[in-house]
Structure formats: structure tokens, C-alpha cells
Amino acid sequence: MSDDVTPIRQQYLDIKKKYPDAILFFRLGDFYETFDNDAETTSRELDIVLTSRNVAKGMRIPMAGIPYHAAENYLSRLIERGYHVAICEQVGEQPVKGLFPREVTRVVTPGTLLEPSLLKGDRNNYLASLFIAHDSAGLAYADISTGEFAATEWTGQDFFTRVRAELARLQPSEIILPVECPVSDQITYHKTFQPNWRFETGRCMEALKKQLQTSTLDGFGLRGMQSAIQAAGALIQYLQDTQPAALQLLVSIHTYQLDSSMLLDVSTRRNLELTETIRGGSEEGSLLSVLDHAITPMGHRLMRSWVSKPLLDIPAIQARQACVQWFVDNGLIRKEFIQSLKDISDLERLVNRVTAGTAQPRDLTAIRANLHALPELLRILASPCEAVQSILKHLDPCTNELALLDEAIADDPPATLQNTGVIRPGYSSELDNIIQSSRNAREWIANLEQVERERTGIKNLKVGYNKVFGYYIEVTHSNTGVVPQEYIRKQTLVNAERYITPEMKEYETLVLNAEERIREVEGRLFREICRNIAANSSRLLKTAQAISELDVTAALADVAVNNHYVCPEITPEPVLEIIDGRHPVVEKTLTSDRFIPNDTVFDQGELVRVITGPNMSGKSTFLRQVALIVLMAQMGSFVPASSARIGLVDRIFTRIGAQDEIHAGQSTFMVEMVETANILHHATTRSLLVLDEIGRGTSTYDGLSIAWAVVEHIHNHPGLRSRTLFATHYHELTQLADLLPGIRNYNVAVTEVDNNVVFLHKIVPGGTDRSYGIHVGQLAGLPKPVIQRANEILSELEATSGKAVNIGETTSRQMALFPETNPLLDELKALDILSISPLEALNKLFEWKKKYTENEDGHNVKKA
Ligand SMILES: Nc1ncnc2c1ncn2[C@@H]1O[C@H](COP(=O)(O)OP(=O)(O)OP(=O)(O)O)[C@@H](O)[C@H]1O
């Protein structure tokens with residue numbers, strides 16, 4: 001330590017060394033304070049005043065402070081701008097105002113928040129940990145505010161796709177990675193690199209065993225899951241460094257398989273706008289916003305998790321459906337139940353704060369209020385169906401804990417332990433005695449003036465108080481001759497003398513120390529009560545879980561009734577039968593128009609449905625709606641339709657619209673192709689594919705060729721043959737229905753009234769050969785001359801190139817498959833395109849088509 005570095009400055013530098021990448025804040029009283037370069041950054045980014053302050057023993061360095069009550073806003077702004085924020089604070093007793101915490105007991109990073117003001121109530125706050133080995137990936141995650149701790153491992157080739165999809169589901173606030181993580185540049189979440197030894201197998205195994213108090217990890221399903229153990233072990237070690245108190249929340253680990261729930265990759269989550277909209281990223285306008293009518297914060301979190309993780313287990317889906325159905329059938333009970341949930345707060349996080357030792361007095365009164373509300377919930381749900389019953393059995397009234405809280409905690413305690421009045425009178429005789437003797441002492445002092453006047457006969461004797469020597473007795477100079485012997489002179493004023501007495505000082509000490517002693521005893525009792533509650537936290541947490549499940553199912557029932565949803569039948573057979581399906585979000589946004597329902601009934605043998613139709617007719621809406629209905633069905637929700645029968649879908653893949661990912665260094669078309677390739681590599685016969693305008697991002701011929709080849713591949717590849725909805729403006733693709741047995745054509749009906757296009761939004765069988773793009777341009781307000789000229793050009797093009805280009809019979813593969821359907825075979829053979837790939841063949845054909853035209857007999861002849 002150099003001479004000019006004070007101990008406190010050295011302490012600061014030592015802590016800072018541990019978190020070099022973070023802006024380091026110290027919780028000091030009612031402020032989060034930050035120093036040095038961190039203070040300068042904070043001041044610059046948040047536009048707050050930078051001060052130089054003498055912090056403990058002359059640590060003269062720049063400082064910036066954020067008031068505690070506004071911390072959420074400020075700190076989340078820093079986190080949003082990519083900064084890593086660490087908070088050092090002292091748990092339990094706060095450090096003396098204006099001083100550093102003597103001992104830093106926790107560092108809060110985005111993934112390790114426990115502070116209610118920094119946590120979003122409606123979502124989990126996950127800390128994830130990823131370990132990539134050469135042939136597997138291990139992922140662990142924990143939410144220390146709820147005690148959830150889980151791990152998984154994937155050994156398939158496509159492990160990174162899987163892990164990315166899982167990260168997209170979890171949306172962790174922070175992810176810890178080894179320094180040399182091979183995929184770190186592809187991870188967009190807040191990254192914290194850990195030294196590689198943190199992920200070392202033996203070390204991780206030991207850390208986990210110690211944490212779970214077990215001699216073997218097999219019981220937790222971790223046998224042979226090396227990468228998962230490494231991820232989970234590193235996560236535990238990270239928490240040891242940052243939030244050791246939170247470790248006692250992670251008492252168990254849940255292991256799961258990534259393919260135990262429906263796979264939704266990153267783009268599908270985004271395209272279907274499950275939890276946020278594509279544009280703007282707000283929750284409003286997402287599927288979640290329509291479904292999430294849960295009341296409690298725990299319910300909101302669970303709803304988000306259900307939406308993000310549709311199930312693959314039919315009995316589990318049916319159990320959820322049965323609960324929803326019961327709440328649908330019992331409308332009055334549902335309403336009453338929903339009303340009563342308004343008395344329930346975030347029991348899950350409250351209990352965890354108690355366990356972690358960060359609870360404040362009002363956390364205990366909130367738990368008490370929740371427990372008081374339970375009998376009413378149980379009364380309302382008196383005779384439920386079996387499925388509801390199986391949730392209710394976990395709802396424990398926790399009578400002992402309630403009795404303790406009733407007995408011990410005051411009705412309206414102060415917000416923090418800094419103030420007294422936390423413990424109810426009568427709970428502790430020790431505390432009551434201190435309070436009583438303090439009260440007696442106050443009374444004695446209050447009466448002292450009268451008593452002394454009578455005893456001494458000095459009528460103008462006064463009892464006063466000042467900060468220098470506390471209570472005193474004041475006697476004017478004319479009466480000083482008669483003051484009793486035990487009076488000790490303390491101060492001489494112009495007209496009077498001030499005295500103290502030993503007895504008065506004793507009482508004074510009682511009064512002045514009482515506050516401190518009360519605080520001390522109350523703090524001790526409070527911690528004892530917390531320990532008591534924490535010892536039974538598992539029952540409270542199970543109760544919280546049961547409440548959240550009931551909250552979510554009641555909410556889904558409410559949504560189902562209000563929006564006229566039905567219970568879908570889920571079956572293992574590969575069927576897709578939706579009658580009068582609607583888009584759950586779009587139907588809510590239509591104000592004047594009614595949403596036009598559409599059926600989706602895949603007949604036997606149908607694989608790919610090619611949907612053509614004008615712009616703006618509702619193709620994308622329809623595609624998304626089918627995917628959303630399937631997803632809602634498998635999360636246990638009812639669906640917007642008049643009936644639905646859905647064969648279990650293992651993965652939904654979507655390729656919708658043109659997403660710009662220039663920030664990721666990829667062109668729109670490249671993104672489109674990457675997503676399409678991903679789909680073709682990972683879809684299975686049980687998957688649902690939603691492909692909207694594949695090939696749109698490139699030149700017409702390339703695009704059409706790719707679209708054509710993609711449909712063929714899905715149809716013909718034995719590992720695929722997935723049910724597919726394929727919307728396209730390439731009307732040529734409708735010819736595929738004549739060539740491949742599993743392809744059907746549908747189009748969106750329009751009608752023309754007085755030369756104006758009217759969209760009927762109805763999906764009907766058959767293809768179409770018109771796009772009405774110019775009409776849409778007109779609707780959008782393109783200037784009249786532009787519209788006129790476009791119509792002229794269109795007529796010219798139609799006249800010169802004839803009808804839609806007929807390419808149906810062109811590819812070598814189709815010719816191999818359906819040689820008899822190929823009238824052009826001889827001519828194509830002459831052109832020698834049978835020996836080349838389908839795409840090349842298509843390109844050649846287009847060149848050829850430019851030179852040839854159909855004559856009156858339907859033969860192709862060279863153009864003049
Ligand atoms: N079934 C429906 N009932 C009523 N309105 C609908 C329906 N489907 C779509 N719409 C309305 O039509 C608008 C356009 O729909 P959508 O974007 O799905 O068309 P599209 O055919 O995919 O268009 P484009 O080909 O230009 O991308 C929607 O925003 C919605 O307001």
C-alpha cells in the first residue's frame with residue numbers, strides 16, 4: 001500500500017479489483033454511491049452530478065450517488081446500455097451512514113438481484129451458466145429470488161441451436177461463461193466471464209455436492225451429465241462470490257431434457273410474438289398480453305413460463321385443460337376466486353427474502369397477510385374437480401407460521417429495522433421490560449419539575465434538555481442558596497445556574513439508551529422469527545406455487561370465456577383440424593371489422609398447403625394464427641376456434657417476413673436463408689412449419705427456384721414430411737399440387753366491386769394467379785399517375801409473357817418422380833437439363849422460357 005492510499009481507499013481498490021468490468025456501487029444508507037472512474041461513467045451516462053466527497057478517512061475521489069428509491073430506474077438504464085453493474089452492500093445492519101460497508105457481504109449483478117425494487121415482478125430473473133464441451137453443451141440456471149435451480153445437457157450435433165432456443169426461452173439477465181467459451185460471440189445476453197478453472201469437473205462436482213448436501217449427484221438426475229454439472233457447479237461458485245446468502249435458497253436442482261417441451265427457436269419466438277412484439281419489443285400486442293390475466297406476480301411469471309414452454313406430455317396438458325375447464329364451468333366461483341387473489345402478493349419472493357436474510361419487517365407482514373387470505377381461497381374452492389384438487393393439496397395454510405407472525409410482528413411495523421416498533425408488545429418480556437422502563441424513566445423526568453419545585457420550594461425551577469449535557473435543572477440566581485446538596489452545578493448563565501443530579505442522569509441514560517436497546521433486541525427477535533419462517537420455507541413455497549398455478553388456470557379460463565375459446569383435443573395422431581380458427585391477438589385489435597374465422601383441416605396425406613393470395617389479404621395472419629393455436633393448445637390453454645383437434649407437435653418453425661439483422665452482420669436475404677436452412681435441418685415429421693414468402697428477398701427467379709425446391713424437399717425428404725403452411729406470391733408454385741401428392745393449394749378470397757378489391761380474408765381451396773399488388777399500392781396512397789402507369793406496365797407484361805410461367809414440369813427430380821406428367825420431357829431432354837441440379841434446371845428453363853412461347857395448340861414454339 002503506498003503512503004497516500006488510505007485504508008478505506010485500499011479497501012475500495014481491493015473490491016474494485018474483483019469486479020473490474022462492473023460499475024461498482026456501494027449501498028450507503030439511502031444511496032447507491034459509486035467512485036472514481038465508475039463515478040465519472042455514471043455521471044456521464046445518467047447525467048447526474050459528480051461530486052468530490054470526503055468518504056471515511058479522506059478518500060478524496062470523485063463520487064456519484066443515486067437515491068435508493070430511484071435506483072431501479074437508474075441502474076436498469078446502465079444495464080440497458082451494456083454496463084455491468086455490481087452492488088456492494090451490507091446485509092442486516094446497515095453500515096454507519098456515510099461510511100463504506102466494513103465488509104462487503106454481497107455483490108449484485110444483473111442475474112443475482114434480490115432487491116424487490118430492482119426486480120420485475122412479472123418475470124423471473126435468471127442467472128444462467130453455459131459450458132460447451134466438444135460434443136455437448138451444459139446449461140444451468142437459477143433465479144435466486146424464487147429459489148428455482150435447474151440444469152440440462154444436450155449432446156446432439158445441433159446443441160448450439162438447442163441451447164440458443166433455451167436461452168431465448170429463459171431470457172437470462174446474465175450468463176456466466178468460461179473465458180474461452182467458443183460461442184461467446186454469439187450470445188447476446190449480459191456476459192460475465194469466469195476463469196476456466198471455475199468450470200473444472202472435480203471442482204464443480206464438489207461445489208454442487210456441498211451445495212446440495214449430498215454425497216452423490218445421481219439422485220438429482222445428474223448422472224453422466226458432465227457438462228450440466230460443470231455449468232451448475234460454476235454457477236454455484238459464482239454465487240459464493242456474489243450472493244453467498246442466496247445459496248441457501250438453492251436447496252435442490254431440477255434436471256430436464258431439452259426435448260421434453262416443444263422446441264421453439266429464437267426466430268419462431270420472435271415471429272410469433274409470444275412475449276413481445278417484433279417491432280418495439282413491447283409486451284402489449286404479444287400473445288402473452290392477451291393471455292396474461294393472472295393477478296399475482298407469481299401468476300404472471302408462471303404464465304410467461306407456460307407461454308414460452310408448451311408441453312409435449314399429453315396427460316400433463318390435459319391436467320391443465322381440466323383445471324381451466326373447471327374454472328370455465330364454475331363462473332361465479334372463478335370470479336370470486338380471482339377477486340380474492342387480489343389480497344395475495346409475491347409470496348414466493350417474500351419467502352426467499354426471509355430465507356436469504358434480506359427481509360425487512362414489512363415482508364413479514366406481507367407474508368402474514370397472504371397466509372390470512374388462504375382460508376378464504378380454500379373456502380371458495382371448496383369442492384373442485386380432481387385436477388384442481390391435485391393443485392390444492394399443496395396449498396398449506398401454514399398455521400404455525402401464521403400464529404408466530406400474528407403473535408410477534410406489530411400490525412403496522414416500520415419499513416426498516418432502523419426504526420423501532422417492529423415487535424408486537426407481549427411477545428417478548430425482555431423487550432417489554434426495556435420499553436416499560438424507558439416509559440417509566442420518561443414519565444419520571446416529565447414529573448421531575450413538579451416534584452422538585454415541591455421538594456425545594458423553588459417555584460420557578462425548570463427541567464430542560466440540551467445536546468451538550470442532556471437533561472438539567474435550572475434555578476435562577478436568587479434561589480441558588482436553597483438548592484439541595486446533591487445538585488451538581490454544570491453551567492452558569494446570566495440569570496441562572498444549571499444543575500444535574502446523579503439520579504436524573506440514571507433515568508436519562510435509561511431514556512437515551514432505551515431506543516438503541518429496543519432496536520437491538522427487536523433486530524435479534526426479528527432475525528429469530530425469520531429463521532423460524534425460513535426453516536419451513538418449503539411448505540410456504542409449495543403454497544406459493546399452488547397459488548400461482550390456480551391463478552394462471554383461472555386467468556386462462558377467464559380469457560377463454562371472454563374471448564369465446566374452446567378446449568382443443570390433443571391427440572398423438574398426426575392431425576390438424578381447426579374449425580373457425582382466429583388469430584388471438586389480431587382479433588382483439590380489430591375495432592370496426594369482425595375477424596373472419598378460417599378452417600384448417602389437413603386431409604389425410606396432405607403435407608404442404610400452398611397459400612396464395614393478394615397482398616394484405618391475411619396470409620401472414622392466417623399462418624401465425626395456426627401456429628399460435630397449436631402452441632396455445634399445448635401450453636394447456638383453450639384456443640380461439642369453434643373446435644380444434646391437434647396432433648402433438650414437437651417443434652414449431654416459422655420463417656416469416658423480412659427481418660433485418662444488419663446488426664448481426666447479415667443481410668436480410670442471408671437471414672432468411674439461414675433460418676430456412678435451420679428449419680430444413682431440424683424439423684421432424686411431427687413438426688409444424690410456417691413459411692411465409694420464402695425466397696422473397698432475392699431476384700424473382702432465384703427466389704422462386706428456392707421456394708420450389710424447399711417445398712419439394714419438405715414433401716419428399718423422409719425425415720421431414722412435416723405439416724407445412726407455405727404462403728407465397730409465386731403463383732407458379734401452385735403447379736406443385738399437380739405434381740406431388742401431399743400438396744394442396746389454397747388462396748385468400750377477394751372480390752372486385754366497382755374495380756376495387758375487397759379482401760374477404762377467407763382461405764378457400766384452389767390457387768390464384770393475381771397479386772392485386774397495384775390495388776394495395778392504390779389503397780396505400782401511391783399517386784394516381786404511378787398507379788395508372790403500373791397498370792399499363794402490368795398489362796404489357798401479361799401480354800408479352802402470357803400467363804404465369806409454367807415451370808411445373810421442369811426439375812429433374814420431378815421428372816424422375818412423375819415422368820408421365822411431363823409433356824415437355826422431350827424438349828427438355830434436348831436441352832440437356834436432366835443431368836443438372838433442380839435449381840440449375842430451373843434457371844435454364846427460365847432462360848429457355850424467355851425464348852419460347854405457347855402456340856394455339858398448346859405447344860412451345862420459338863418466339864419470333
Ligand atoms: N381473418 C381476418 N379477418 C379480418 N381481418 C383480417 C384477417 N386476416 C387479416 N386481416 C387484416 O388484414 C391485414 C393484413 O393481413 P396480413 O398481413 O396477414 O396480409 P398478407 O396477405 O400476409 O399481406 P402481404 O402479402 O402484403 O404480406 C391484417 O393486419 C388484419 O388487419
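1. K619 and the ligand. In this predicted model, K619 places a polar side-chain atom 2.8 Å from an oxygen atom of the ligand. K619 is also listed among the closest residues to the ligand. The residue falls within helix α20, which spans residues 619-635.

2. S620 has a polar side-chain atom 2.7 Å from a ligand oxygen atom. For H729, a polar side-chain atom lies 3.1 Å from an oxygen atom of the ligand. As for cover, the protein takes up 78% of the accessible area that the ligand has on its own, which is 630 Å².

3. The shell. How many residues surround the ligand? There are 15. The closest are I596, M616, K619, S620 and T621. Helix α20 contributes the most to this shell, with three residues.

4. Seven of the shell residues are polar. Five are nonpolar, and three are charged.

5. V753 belongs to strand β26, residues 743-753.

6. Exposure of V753. Why does V753 count as partly exposed? Its relative accessible area is 42%. Partly exposed covers the range between the buried limit, under 20%, and the exposed limit, over 50%.

Definitions and conventions
Residues numbered from 1 in each chain as written. Predicted model: local features only at pLDDT ≥ 70, side-chain atom pairs only at ≥ 80, totals over all residues. Heavy atoms only, no water. Helix = DSSP H or I, 4+ residues; strand = E, 2+ residues; numbered from the N terminus. Buried < 20%, exposed > 50% of the residue type's maximum accessible area, 1.4 Å probe, protein only. Near = heavy atom within 4 Å. Polar contact = N/O pair within 3.5 Å; in protein donor to acceptor, adjacent residues only side chain to side chain. Areas by Shrake-Rupley, 256 points an atom, 1.4 Å probe, with all protein chains shown as cover. Nonpolar A, V, L, I, M, F, W, Y, C, P; charged D, E, K, R; others polar.
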